[in-house]
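Subject: Handover of a structure and notes on what it contains

Dear colleague,

I am passing the structure below to you for study. Please look through it before reading the notes that follow.

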Amino acid sequence: MKACLQWMMVFSVVVFVVGCSSTNKKTEGFGGSDAVTSGYSEGGAIQDERLGDLEEITNGSLMGGEFNNPDSLLSKSVIYFMFDSSEVQPVFAEVVTAHAQYLVANSGQRVILEGHADERGSPEYNVALSERRAKAVARMLEMQGVFPEQIEIISYGEMKPSEDGHDQAAWQLNRRVEITYQAQS
Amino acid sequence: MVVKNLKIIIVLWLAMLVFFSHSVSAELTIQITGGTKSAIPVAVVPFAWRGVSGHAPINVASIVSADLTRSGHFKTLPVRDMINKPSRTEAIKLGNWRALAQDYLVIGEIKQNQDRFIIEFKLFDVYRGKQLLGYRLPATARGLRRTVHRISDLVYEELTGLKGVFNSRIAYVTQKKKSKRVSIYRLKVADSDGFNPKVIASSREPIMSPAWSPDGKKIAYVSFEKKKHRIFIQTLATGQRSTIPRGRGINGAPAWSPDGSQLAITLSKDGSPDIYVVDLNNRSWQKLTKSYAIDTEPAWSPDGRQIVFTSDRGGKPQLYTIPSHGGSAKRLTYQGDYNARGSFSKDGRKLVMVHGNRGDYRIAIMDMATKVFSILTKGPLDESPTFSANSGMVLYAKIMNDKGVLSATSVDGSMNQVLTFDKGDVREPAWSQ
């Protein structure tokens, strides 16, 4: 039953944002004196409007065919973890293997492993924990012949939850590694 | 005068609009709960307005009352209970205040001189009938709130002998969701009571772990811009920022040395996260920890000799110390199954941390001499504790009504203040020292 539930989670479509290279950041002065800084306070509002430019696309629409086919293991790209654990559970091993086989067959293809943690505990410790999860998946890929150069890791800790809730149901979906393919240039 | 039951619950729905000149407004609600038997009764009389327009631009008495109340040391008299409201010495009837069991009295007035203001205030000892303080403080319209917090500091310092922290600042990170997968993260700096927030950096990728330089002029923080961890040091006055050389993987948890010349950080470039010390003058690194476990969240002892950090080398996250020039690590905490994010009080005698037991996370303080723990908060999802400069209060992040909010508590746990911002989640507070 639990495994079944986990599979359902895996089917949730992973969407990733291509706008990463256009990450819009700016820095502003903080006027301890009477310097006018209020205009800067609106910086956020301006950026918010630009968000319309962001395209959200799925692995499937980027990669085509097998990534869209729900019968293919490649359509599953989220690995979930137990509490405070970075061990890839057996139920997810074949998902990792499917991606490993694809990456071995397409050695020019690069993948990003995004590590995540649930919100409990300290944020920086969670960054470390989520990196350990992503590294566990990376190790499995490499053991099956994927080149380390094909893999990039970023650990987000608790900063990018997939679910908003503050309960067990949300936490088990937030403890995850997302496998996303980088667009080939 | 003994007041029997001082269990007070004060809810200050200040809910005041913080105006920016471009009509951007943010609503902030401050809720204060608690009270102690030893709280000192003080009456802060509404200040008289002597200006050209109809009413004063700021309610001095309510801000000073709120500041004093949330320190946990004072109980302030509600305005409706005041028999009269003097603003000058000659109008004070000491008998009235004695009858109301007030130990101290604050009165004053605001004068306007074109676009500038002068706030005058006096502090009296009601029983001895003696003036303890008297100040005239000039202020610009923009600087009014900070000046009022300065009054709170002066009163607090006179009556407690401790340095006031109301005129300090806090930094924190807000997250506002734009869609399921897109959020805007903003690093903000505000007055210690959450007013006058200003955005100092914003990004679509997470911003984390702000840390004030000891002189309060810079903030170090972690930004995930371009999907890479990077530590920035930003000068508040100019908005200019520099970065320290990054390593592959985690670059996080910056902590300033007490003299501001070094930064302790976490890097995972060699595999597992380890603690490093970076010299900010020549940007050289020294690696302090070399375990295969997670070592992160460094914080310096006040004398700069030790660094406390979180490590799971024993299986679960616990706090350890290591000499800041290198040496062997020593385990510090044994109570509970999770102790993380430690930081020292100014005198080095206390350590505040996130303390977890079976999935319940609270803020706790450990006495360094006796190793006795006291739990300050109710949990279950409390994190990121930061001491005030006088170590009398702790600011931390928690979840309330499904929202990330900031909360401040006195170190004896008697007073609690919640800052709720209208929009989005707030986390990762840091209090200027």
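Which residues does A:L113 touch, not counting residues up to four places away in sequence? They are A:A134, A:V137, A:A138, A:I151, A:I153, A:V177 and A:I179. Two residues are in contact if their C-beta atoms, placed from the backbone, lie within 7 Å.

A word on conventions comes next. This is a predicted model, in which local features need pLDDT of at least 70 and side-chain atom pairs count only at pLDDT 80 or more, while totals for chains, interfaces and linings use all residues. Residues are numbered from 1 along each chain as its sequence is written, and chains are lettered from A and ligands numbered from 1 in the order in which they are written.

Chain A as a whole

Chain A contains six helices and seven strands. Helices (H or I, at least four residues) and strands (E, at least two) are DSSP runs, numbered from the N terminus. In order from the N terminus, the elements are α-β-β-α-β-α-β-α-β-α-β-α-β. Of the 185 residues in chain A, 38% are buried. A residue is buried if 20 or more other C-beta atoms lie within 10 Å of its own, exposed if 12 or fewer, and partly exposed in between, with C-beta atoms placed from the backbone. Among contacts in chain A between residues at least 6 apart in sequence, 71% join residues at least 24 apart.

The sheet of chain A and its helices

Four strands of chain A form an open sheet in the order 4-7-5-6, with mixed pairing. Two strands pair if DSSP finds at least two bridges between them. Strand 4 (78-80) and strand 6 (151-157) of chain A are at the edges with a single partner strand each, so one side of each has no neighbour in the sheet. From one strand to the next, the twist averages 20 degrees. Axes are lines fitted to C-alpha atoms, for helices over the stretch in contact, and angles run from 0 to 180 degrees between N-to-C directions.

Strand 4 of chain A runs antiparallel to strand 7 (residues 176-181) of chain A, and three bridges join them. One bridge pairs A:I79 with A:V177 in strand 7 of chain A.

Helix 5 (residues 123-143) of chain A packs on this sheet, touching strand 4, strand 5, strand 6 and strand 7 of chain A, and its direction makes about 155 degrees with that of strand 6 of chain A. In helix 5 of chain A, 16 of the 21 residues are buried, so this helix is largely enclosed by the rest of the structure. After helix 5 of chain A comes A:G145, whose phi is positive, near 105 degrees.

Helix 4 (residues 90-105) of chain A lies across strand 4, strand 5 (111-116) and strand 7 of chain A, at about 150 degrees to strand 4 of chain A. Its buried residues include A:F92, A:V95, A:V96, A:H99 and A:L103. These cover an arc of only 95 degrees around the axis, which puts them on the same side of helix 4 of chain A; the arc is that of the directions from the helix axis to the C-beta atoms. The face turned away from the buried side carries the exposed residues A:P90, A:A93, A:E94 and A:A105.

The nonpolar cores

A nonpolar core is a set of buried Ala, Val, Leu, Ile, Met, Phe, Trp, Tyr and Cys residues joined through C-beta atoms within 7 Å. The largest has 103 residues, of which A:L113, B:I307 and B:V394 touch the most other members. Helix 5 of chain A gives the most to this core, with eight residues. Apart from it lies another core, of 33 residues, among them B:V42, B:A43, B:I110 and B:V148.

Points of interest in chain B

Four strands of chain B form an open sheet in the order 25-26-27-28, with antiparallel pairing. Its edge strands are strand 25 (338-344) and strand 28 (373-375) of chain B, each pairing on one side only.

Most residues other than glycine have a negative phi, and most peptide bonds are trans. The peptide bond from B:G379 to B:P380 is cis, with omega near 5 degrees. B:P380 is in the loop between strand 28 and strand 29 (383-387) of chain B. B:S384 has a positive phi, near 55 degrees, and lies in strand 29 of chain B. With 25 C-beta neighbours inside 10 Å, B:S384 counts as buried.

Yours sincerely
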